[in-house]
Amino acid sequence: PTPGELAHAAYSGIMNETVTLAEGRWEGEPFVAGGASRPSVGLIDHFRLTGDLDEDGLDEAVALLWESSGGSGTRLHLAVMGRRHKKVENLGTMLIGDRVQVRSGAIDSGRITLDLVRAGPEDAACCPTEKALTSWVLSEEGLTLEGDEITGTLSLADLDGSEWVLVELGREQPVPGDIEISLAFQDDRIAGRSGCNNYFAGVTAANPGELDFNGMGATRMACPESVMDLERRYLSALAGATGHTFLVGRLALNCDTDEGSIVLVFTPKEDFPGVPAVAD
């Protein structure tokens, strides 16, 4: 199944009824007549795995969907979709957890593997720090959890050696495709390109999931004003970073700014095609 088909498919095992997405989203009736709060389900559109999970010679597609029922939490579901008799069908759906973070996912030897950050025994639901590796298999009965291994506690070391490219500077504010803003972690330092100039800083973390950038500096090359404005906004937000989370393979930095809290969303460097250098 293609990404477009996943965005308009029917999924069971999430709500009491089967939900059919339209443009990647479904909404139910308000909990209270005339109220704004209502159950909703959405497809995480930047995540899709493909592989033969049932050894029938055809690839299935693995999707992740979020579900909100009006409370403070957002539950994450794993779904396998296959093509049967020329129709896209939901072959299995399982709950991953409430406010679970997905660092990465893969299909290997017919198994789905998810690298997660979830709430451990001592964690509040809002602030998970337990790392786990889970594996799932597909059978005629649906999806089954085959393995669940705790791999440690979230720390700044999990970001060491990673490289990222900014895709959103705040909610629903995508970065133009011809401007590259990057972030690389190495030991106790960060460095990257801020649109026009190169920048650098130190990084510390007092507690799991927290971040503090210090001693920030940058080169001083001039670029078109639109690029410079984006650069100023990015560096200002970065200076106010307080913590990080993983958004299904992406990295999100929570930042306090003079205009309020915003979230910087990055995709792994290897997933970004790159852009030409900005002209002087």
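A pocket is an open set of points, on a 1 Å grid over the protein atoms alone, where a 1.4 Å probe fits and protein lies on both sides within 12 Å along at least five of seven lines; lining residues have an atom within 4 Å of a point. The model is predicted, and totals for linings use all residues, while local features need pLDDT of at least 70. Residues are numbered from 1 along each chain as its sequence is written.

The largest pocket is lined by 46 residues. Ile 44, His 46, Trp 66, Arg 171 and Leu 247 lie nearest its centre. Strand S18 gives the largest share of this lining, six residues. Strands (E, at least two residues) and helices (H or I, at least four) are DSSP runs, numbered from the N terminus.

The second largest pocket has 21 lining residues. Nearest its centre are Arg 103, Gly 249, Arg 250, Pro 268 and Asp 271. Strand S9 contributes most to the lining of this second pocket, with three residues.

Eight strands form an open sheet in the order S17-S16-S15-S14-S13-S20-S19-S18, paired antiparallel. Pairing requires at least two DSSP bridges between two strands. S17 (212-218) and S18 (241-247) are the edge strands; each has a single partner strand, so one side of each is left without a neighbour in the sheet. Within the sheet, five bridges join S15 (residues 189-193) to S16 (residues 198-204). Arg 189 stands opposite Gly 202 in S16.

Notes. Predicted model: local features only at pLDDT ≥ 70, side-chain atom pairs only at ≥ 80, totals over all residues. Heavy atoms only, no water.
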